[in-house]
Amino acid sequence: MARILLEIVTPDRLVVSEEVDLVTAPGVAGEFGVLANHAPMVAAIKIGELRYRVGDRVEYLAVSGGFCEVSNNKITFLCEAAERAEEIDVERALRAKERAERRIQEALAKAEKIDLARAQAALQRALVRLRVAEHVRRPAAR
Amino acid sequence: MPNLRDIKRKIEAVKKIGQITKAMNMVAAAKLRGAQDRVEKFRPYATKFKEVIHELVGSGAVNTSQFELMRERPEVKKVEIILITADRGLCGAFNANLINTCERFIREQRAKGRDVSLICVGKKGAQYYRKFDIVRESYEEIMSRVEMFNARAVAREAMRAFIDGEVDETYLIYGYFVNVVRQVPKTEKLLPISVEKEEGVEETEKKISGSYIYEPEPEELFEQILPLYVNTRVFAGMLETAVSEQAARMTAMDNANRACGDMVQSLTLLFNKTRQASITKELMDIVGGAEALRKG
């Protein structure tokens, strides 16, 4: 089967560079999948789970906001942060989750819109990390 | 006549300073390699980002004037400068050069009758401007390891002020890394974002792209990407400054080390001369004494 080159780039490093069968990404307008020879596309990405399949192997990543570009049978994700499931520090994500929940309460109490939005984004990032990390401990059957 | 023991003590002291500067030189060299490595890793991200933004603007898919972050204000009354300096000194004129550039820029803007406010990134700039009442925000102790979330915080504050109408233009001043022996302060306009049309880039872009599918609609997509682009610009400025700082420190410490060597040499010369002089003097005393005994 034809494959597509997947690259996930963050400001710190090249996280993934691999020929894959299928990429599923959390688009702003909903989750979408990209197969080989996809038409040129630019799509915005929100905080969420990104997964890709190579043969029978499925890999999971937690990504935060960014966008992706498809052209010439190559898909490039530009995200401010991206971590493979096995790289995720569960302890830290749990702490971040609690902190974010506390902040949301505080922001609600003071009716601070900006703080609330920021705390909600932080909570979302933490939740996504936790969910993605689950896949390592309990690998899903595809 | 200088005291022999004093000179000796001075030589020892200078030698010790030489050891310190040498160590600092080597530390800076190691850190420079690390920082350069990070710039290398950041480059693909930055390049791709620019490409996509150029593509979106160049293809006419979006109308730039409808975005708050790109809209030029008809009248510019307030200007903000994000001044990126190092947290630490002992790197030659590096921080002073950045501050001088900033000072000059402030004078120019004030001559045009504009108000100036400042966001300081890095301790040295903040320390200098502490006595003036123009610093709006300052971020310190974040330059030893440049992190995206710090850059994001700076960018977020700058964008907030811009969108709320507190400032009409925002500039970035940072240490641009030319090479290991040359770093120059650079001033760039950050907001409103202007996408300068580089012919070369667009030519190649057109060939591979054709027409893109945009998801969501180009306008909405652009709205999402623009703030990320500002983050990237601030991050890039911080990375450049961090690399330049280490390079400047390396050179400064190398010079200091050489100066130490020169000083040890001239002090040793003085030491030997003094020693010689005192021996001659003693000899003369002895000869004089012997002469006196013989006569008497």
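Colleague: Why is A:Glu7 called buried?

Modeller: Happy to explain, keeping in mind that this is a predicted model. The relative accessible area of A:Glu7 is 17%. Buried means under 20%, so A:Glu7 with its 17% is called buried.

Colleague: Where is A:Glu7 found, and which residues does A:Glu7 touch?

Modeller: A:Glu7 is found in strand S1 of chain A, residues 4-9. Leaving out residues up to four places away in sequence, A:Glu7 touches A:Leu14, A:Val16 and A:Ser17, along with A:Lys74, A:Ile75, A:Thr76 and A:Phe77.

Colleague: Let's turn to the cavities. How many cavities of 30 Å³ or more does the count come to?

Modeller: The count comes to 3 cavities, and the largest cavity has a volume of about 50 Å³.

Colleague: What makes a residue part of the lining, and which residues line the largest cavity?

Modeller: A lining residue has an atom within 4 Å of a cavity point. For the largest cavity, the lining residues are A:Ile47, A:Ala62, A:Val63, A:Ser64, A:Ala81, A:Ala82, A:Glu83, A:Arg125, A:Val128 and A:Arg129. Strand S7 (57-63), strand S10 (82-84) and helix H2 (113-137) of chain A are the elements that give two or more residues to this lining. The largest share, 3 residues, comes from H2(A).

Colleague: Which domains give at least three residues each to the lining of the largest cavity?

Modeller: Domain 1 (4-85) and domain 2 (88-137) of chain A each supply at least three residues.

Methods:
Residues numbered from 1 in each chain as written. Chains lettered and ligands numbered in written order. Predicted model: local features only at pLDDT ≥ 70, side-chain atom pairs only at ≥ 80, totals over all residues. Heavy atoms only, no water. 1 Å grid on protein atoms, 1.4 Å probe; cavity = no way out; pocket = protein on both sides within 12 Å on 5 of 7 lines; lining within 4 Å. Points joined across faces, edges and corners; volume = space filled by probe spheres on them. Helix = DSSP H or I, 4+ residues; strand = E, 2+ residues; numbered from the N terminus. Domains from an automatic or database assignment. Buried < 20%, exposed > 50% of the residue type's maximum accessible area, 1.4 Å probe, protein only. Contact = heavy atoms within 4.5 Å.
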